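Hello,

Here is the structure I promised to pass on to you. My notes on it follow below, and I would be glad to hear your thoughts once you have had a look.

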Amino acid sequence: WAPDSRRLAFLSTCEGGESGQPDVFVATVGGDFASGKPKIEVERLTEARGEVGYPEFSPDGSQVAYWIGDENVHETIPGSGTVWVVSAAGGQPQRVGPNFTAARHPIWSPDGKHLVFIGYTSQKAYDTSSLDWWLAAPDGGVPLRTGAYNALIHAYLRARESPHIGASIPTPRCWSNGTHSVIFSA
């Protein structure tokens, strides 16, 4: 939901074209609820370009962040995901962190000036030294490596390790405004 509680970003394949891949849509709820005559308008924000994941409104409701990639492909595979931001009013999506070989699961900072996401920088597969949570401005700038991967390993909070692909990193899910903490499960 957007902060205004009138718009909802969601995924749908209803207009995905021949590819059948989901697009990001925004439903705006208006009209008169008291009289039982609500009005819902739906607008597509993205064109089908691959599997789309987890659209999330910025704290001010002006932008939507999402990622394109396959949830079933390990995050340490180059090309397995990209993070994007698009205006909630529509327009051309902008890639966040174009130098990442893989990126996924963006969440907004409480002030809307940054995103935290899982990022990967190696050209080789399964190089966990290149895996971390990254902090980046949605409109460019140099991304900052947070060191979360090493901190989570030291706290024994990494995902299960596989002999073929190494360890995973837990997915950031929410950036708490009051405590400036990122909430995740492991």
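The largest pocket in this predicted model holds about 170 Å³ of space. A pocket here is an open set of points on a 1 Å grid over the protein atoms alone, where a 1.4 Å probe fits, with protein on both sides within 12 Å along at least five of seven lines; lining residues have an atom within 4 Å of a point. The volume is the space filled by probe spheres set on the points, which are joined across faces, edges and corners. There are 16 lining residues, and those closest to the centre of the pocket are Val96, Gly97, Pro98, Gly141 and Pro143. Strands S7, S10 and S11 each supply at least two residues of this lining.

A word on the ground rules. Residues are numbered from 1 along each chain as its sequence is written, and side-chain values use heavy atoms, with hydrogens and water left out. Because this is a predicted model, local features need pLDDT of at least 70 and side-chain atom pairs count only at pLDDT 80 or more, while totals for chains, interfaces and linings use all residues. Strands are DSSP runs of E with at least two residues, numbered from the N terminus, and two of them pair if DSSP finds at least two bridges between them.

Now to the sheet that contains S10 and S11. Four strands make up this open, antiparallel sheet, in the order S8-S9-S10-S11. At its edges are S8 (102–108) and S11 (140–145), each of which pairs on one side only. Neighbouring strands are turned by 30° against each other on average, direction ignored; the axes are lines fitted to C-alpha atoms, and angles run from 0 to 180 degrees between N-to-C directions. S10 (residues 131–137) is joined to S11 by three bridges, and the two run antiparallel. Alanine 137 has glycine 140 in S11 as its bridge partner.

The loop between S9 (115–120) and S10 deserves a look of its own. Serine 122 lies in this loop and is buried, with a relative accessible area of 8%. (Buried means under 20% relative accessible area, exposed over 50%, partly exposed in between, with a 1.4 Å probe and protein chains only.) Leaving aside neighbours within four places in sequence, serine 122 is in contact with Pro78, Thr101, Asp127 and Ser130, where contact means heavy atoms within 4.5 Å. The side chains of serine 122 and aspartate 127 are joined by a polar contact of 3.3 Å. That term stands for a pair of N or O atoms within 3.5 Å; within protein, one must be able to donate a hydrogen and the other to accept it, and residues adjacent in sequence count only if both atoms are side-chain atoms. Threonine 76 is 46 residues away from serine 122 along the chain, yet their C-alpha atoms are separated by 8.1 Å.

Serine 130 sits in the loop between S9 and S10 and counts as buried, at 8% relative accessibility. Not counting residues up to four places away in sequence, serine 130 touches Gly119, Tyr120, Thr121, Ser122 and Arg145. Tyrosine 126 is in the loop between S9 and S10 too, but is partly exposed at 36%. Its phi is near 65°, a positive value in a residue other than glycine.

S7 takes us to another open sheet, with four strands in the order S4-S5-S6-S7 and antiparallel pairing. S4 (52–57) and S7 (94–96) are the edge strands, each pairing on one side only, and the twist averages 30° from one strand to the next. S4 and S5 form a hairpin with five residues between them, and glycine 61 in the turn has a positive phi of about 80°. Four bridges join these two strands, with glutamate 56 partnered by alanine 65 in S5. S5 (residues 63–69) and S6 (residues 81–87) pair over seven bridges; here isoleucine 68 has threonine 82 in S6 as its partner.

Serine 5, in the segment before S1 (7–12), is exposed at 55% relative accessibility, and its phi is positive, near 60°. Threonine 28, in S2 (residues 23–32), is partly exposed at 32% and has Arg6, Arg7, Lys39, Ile40 and Glu41 as contacts beyond four places in sequence.

Best wishes
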